[in-house]
Amino acid sequence: MKRELFLGAIALSLAGCAALQAEDTRATERMLAAAGFQARPADTAEKLAHLHTLTPGKIVRREQNGEPSYVYADRNVCKCLYVGTEQQYQEYRKLARQQTMADEAAVVNEESSDPRSWGLWGLWPTP
């Protein structure tokens with residue numbers, strides 16, 4: 001009985017991790033698209049096989065005709081390859097920094113929302 005509960009807990013944990021990873025992938029892909037990256041579906045068996053040889057979930061720099069290009073392989077959510085130029089990559093980085101700053105600001109605002117709890121630390125008197 002304990003073993004089944006333990007295995008069930010592990011399965012739920014893995015499912016939760018997979019859901020979070022898929023949401024992270026979707027968020028990255030939304031930013032890539034907003035930056036101008038083009039999604040190219042793995043619509044043939046050959047493309048799908050090649051997609052599985054690429055590093056998943058990472059933006060990788062490639063040289064194409066002496067020019068840098070960037071690719072992002074998603075073999076799980078969209079089964080596609082995002083492709084962008086140097087300019088689009090720089091735009092993606094700008095969007096990612098803005099999102100990070102927005103996420104940090106949300107955490108700061110959330111943490112500071114209850115001023116009464118800060119009185120415990122002697123920062124100011126509790127009301």
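The model is a predicted one, in which local features need pLDDT of at least 70 and side-chain atom pairs count only at pLDDT 80 or more, while totals for chains, interfaces and linings use all residues. Residues are numbered from 1 along each chain as its sequence is written, and side-chain values use heavy atoms, with hydrogens and water left out.

Let me turn to the strands, which are DSSP runs marked E of at least two residues, numbered from the N terminus. Two strands pair if DSSP finds at least two bridges between them. Strand E1, residues 38–41, runs antiparallel to E4 and is joined to E4 by 4 bridges. Strand E3, residues 67–74, is also antiparallel to E4, with 6 bridges; Val 71 has Val 83 in E4 as its bridge partner.

I come now to the hairpin of E3 and E4, which has 5 residues between the strands and in which Lys 79 takes a positive phi near 50°. Cys 78 and Cys 80 form a disulfide, with their sulfur atoms 1.8 Å apart; the criterion is a pair of cysteine sulfur atoms within 2.5 Å. The structure holds 1 disulfide. Its S-S torsion, between Cys 78 and Cys 80, is about -70°, so the disulfide is left-handed. Cys 78 counts as partly exposed because its relative accessibility is 30%, whereas Cys 80, at 3%, counts as buried.

Definitions and conventions: Buried < 20%, exposed > 50% of the residue type's maximum accessible area, 1.4 Å probe, protein only.
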